[in-house]
Amino acid sequence: MKRALIALALIAAAPALADSSLPPAALANTQLPDPKQEAAAKALMVTLRCLVCQGQSIADSDAEIAGDMRALVRRRIQAGEKPEDIRQWLIARYGNWVSYAPPVEPVTWPLWGAPILLLVAGTVIARGSLKRRRRT
Amino acid sequence: MIAEAGLAALWLAAALALLQFVFGAMALRPGGGALLGAVRPVAVVQGVLVALAFGLLVLCFLRTDLSVELVARNSHSATPWLYKFAGTWGNHEGSMLLWVMILGVAGGAVALLERRLPEPTLIATLAAQAVIGLGFYAFLLFASNPFARLAAPPAEGLSLNPLLQDPGLAFHPPTLYIGYVGLSVAFSFAVGALVTRDVGADFARAMRPWVLGAWILLTLGITAGSYWAYYELGWGGWWFWDPVENASLMPWLAATALLHSVTVLATRDGLRAWTVMLAVVAFSMSMVGTFLVRSGILTSVHAFAVDPRRGSFILALLLIYIGGALALFALRVGTVREGSRFDMVSREGALVVNNLLLSAILGIVLVGTLYPLAVEAVSGEKLSVGPPYFNAAAGPLALILVAVMGAGPVMRWRRDDLLPVARRVAMPLLLAAAALLAVALLAPGIHVLPLLGLVAAAGVGAASLAPLWKRNLRRTPLFTWGMVISHLGVAVSLAGMASESAFTQETLVASRIGETHRVGPYSVRLDGVEPVVGPNWTAVEASLTVRRGDGPPTVMHPQARMFSTPPTETNESAIATHVDGQLYTVLGKDDGQGRWQLRLWWKPFVTLIWAGGALIAIGGALALFGRIRRAGRAQRAERATQGYLA
C-alpha cells in the first residue's frame, strides 16, 4: 500500500514519468549511440534505486518507472550533463532514498566512520593482546 | 488428520525440548549424575519428532490439502509437483518450520554423534540447544502455526509466487538454512564450554567438524542463491548487496573467521576467548538474518512475509539469546585462561589478521544493512545504502584479506621471519606482477578494483598451491588439500568477479524480426517470436540464431512468461555457457509496432564466480572428511592400545 502511494505520488509529481498505456519511452530499453556516454549512464543507473521495486536498481528492473528513469538518465547524459548533477537533481526530487550512494552528511557520519573505527578498534585489540603475550 | 498429527508432533517436540533443558540443567547440578544418560535420548527423539512434523507439512503440500490455510495461500492444484514440494518452504510458516526442524535435528545429531566432548560439556551444550529450540517452537506454535485449518476450504489455492517457481527453490533455501542453523551447534558448544569452564584445544577439535559442516552448506547456499538470482531476475546481476543477501553473507563471514580461529585453538591452544566469542557471534548473525528476512522489516525481493507482530517476537528472541550468551561470556571470560603465545610474524599472526579483516568486513556489512533502518526508525528519513558504499568500504579490505590468504599458509606456527616467507611467495608475486603488466597493456582504462582483483587472483591462485610445493602429494593430509582447494576457489571466484565487472559487454535493442545485433564476439539474429504454453503459464518465446564470428549457428530461446494465478510476468533468460564465458539473452516486451526488446550480454569468465564458490565448498568437504577420518583412526588406535594394556 505504502509503495503504491509512493508510486502514485511520483506519477502526480512528475507527469513526464509513467503512464502504463503508453509504449516505453525511447532510451528506456535502448542504449546511447556513444559508448562512452552509455558507460557513464550505466555507471550512474546501477547506483539509483528503482522507487517502486524491492531492492533493485533502475539498471536491473522491469518496472515501468525504472524504464522512465533510465530514459531520463540517458537523455540528460546525452545532453552533456554530469552524472553527479543528475544524481543531485533526482535526490532533490525524491530524497536520499533514490541514491544507493549515501551522501556524506552529519546523519551518515557514523556510517562512513564505521569502517575506520572498526579497523582501529580491531587493531588495538589484536596488538594489545600480542603485547600482553610478549610481556608475560 | 495429517495436519493435526503434524501439529501434535510439533507440540511434543517442544515439550521434549523443555525436558531436554530441565534434565540437562539438573544433571549438571551436584548429585544430578543419574540424569546424565537421559539427555542424549531426549535430544534424539526431539529431532525425530520435529522432522516428522516437517514431513507431514510436506505431505499436506504434496496432496494440495486446501483445508490447510498455508497450503491454500501458497499452493495450487495445477502447480508442478516439484514446486508443490519446494513450496513447503516458499512461505513464512513453512520456512520457519524448516528452520526449527534443522535446529532440532542438529541437536539430535550432536547427541548421537559427538563422542569427543567431555560428558558435562556435551550435556550443557544440548541444554543450550534446547533453550534456543524452545523460543522458536513458541514462535511457531503461538505466532506462525503452519498447520492451521480453514473452516471453509476454498475450491482452489492462491498458488506459489511465480518468481519462486524455479528448481532453485528446491535447493537454495534448504542448503542455506542448514548452514545458518547449523551454526547453532557452534553457539551451543560455546555456551556449554563457558558453563563448564572447559575452553581448550580439545573443545576446539570437537567443535571444528560441526562448524566446517555448517560453513560448507552456507557456502553452497550463497553460491546457489547468487546463481539463481543471476539467471532468474533476467538482468545479469549476481550480487546486489541487498539486505537479504547481506543477511546470508554475515553468518558466512563470521563462520569463516571462526573456522580459522578454531584452528589456532585446536593446533596451538591460542585465541581461546576470541574463538568462543566468534562462535556466539556467528549464530547471532544467523538470528539477525532470520529477523531481517522473516520480520518483513525490509522491502526486498525476498521478503514474502510481512507481519510486524511476528517481527517483535523474533526481535525479543534475538535479544534474549544474544544478550544471554554475551552476558555469560562477560561473566566467564575472566576464567578462560589465555592460551599459548606467538609472534606477530607467524601462522597465528596471519590468522589473527584474517580474523581482524573478516570481522571488520562483517561489521561494515552489518552497519551498512542496519544503519538505514535505524535512521528511518529514529528520524523517519529514508536512506539507501548500496553497492557504492559496500564496494568502497569492504572492497579494499577484502583485497588485503585475499593477499594475506596467499601468504598465511606458507608461514610457520609460533614464529617465522619475513624474508623466508617472502622467498616462499616469490613465484606468486612475480605472477601477480606479470598479470598487472598484462592487464594494463591489454585492457587500458580498466577500473582500479577489477584491476586489483585480477592481479590478486593471479598471485593468490598461484600462492594457494604453495603449501603443496615439494611435498609428497600422496602423503599430504586430506585437510591440507582441502585448505589448498578452498583458497584456490577464492582466487577463482575473485577472477570471475573482476572479469565480469571489467569486461561485460551489453547490447539493449528494440528489434524487428530478422534483424541482427552484435554483442561481444557474437552476432544474434531475431528469427521469430512464438507463443508457448506450460503447465501453469503461457509465454512468448523468441528464436535467436547465434554465431560467434564465422562459427556455426546455434539457436537460443529466451521466454517471457505470464502466470495467471497470481497475474505475474517473469523473464526466463536463455544462457549459453562457453569455456570463456556466458552469452546471456532476455526477451522483453513488444512496443506495439512490431519491435521486441532484446537484452544481450556477453560475460567473459562469469562462471568462475560460482565455480570458485563450489571449489571453496569442495575444499571444505575434503577437510571435513580428512578430519573425521583422522579422528576415527586416533580413536581406534587408542582403543587398540587400551585393549592391549588390559
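Predicted model: local features only at pLDDT ≥ 70, side-chain atom pairs only at ≥ 80, totals over all residues.
The centres of the two domains, taken over C-alpha atoms, are separated by 44 Å. Chain B as a whole is divided into domain 1 (1-161), domain 2 (425-503 + 607-645) and domain 3 (505-604).

Two helices of chain B, H12 (residues 347-379) and H13 (residues 387-407), also pack against each other, with axes that come within 10 Å and cross at roughly 165°. Angles over 145 degrees count as roughly antiparallel, and H12(B) and H13(B) are therefore roughly antiparallel to each other. The crossing of H12(B) with H13(B) is left-handed. Residues of H12(B) in this contact include Leu357(B), Ile361(B) and Ile364(B), while those of H13(B) include Phe390(B), Leu397(B) and Leu401(B). By class, the contact between H12(B) and H13(B) holds 18 nonpolar and two polar residues, with no charged residues.

Between the chains, 39 residues of chain B are in contact with 30 residues of chain A. The elements that give two or more residues to the chain B side are H12, H13 and strand E1 (505-511) of chain B. Of these, H12(B) gives the most, with ten residues. The residues on the chain B side comprise 23 nonpolar, eleven polar and five charged.

Methods
Residues numbered from 1 in each chain as written. Chains lettered and ligands numbered in written order. Domains from an automatic or database assignment. Axes fitted to C-alpha atoms, helices over the stretch in contact; angles between N-to-C directions. Helix = DSSP H or I, 4+ residues; strand = E, 2+ residues; numbered from the N terminus. Parallel < 35°, antiparallel > 145°, perpendicular 65-115°, else oblique. Left-handed = near helix turned anticlockwise from the far one by under 90°. Contact = placed C-beta atoms within 7 Å. Nonpolar A, V, L, I, M, F, W, Y, C, P; charged D, E, K, R; others polar.
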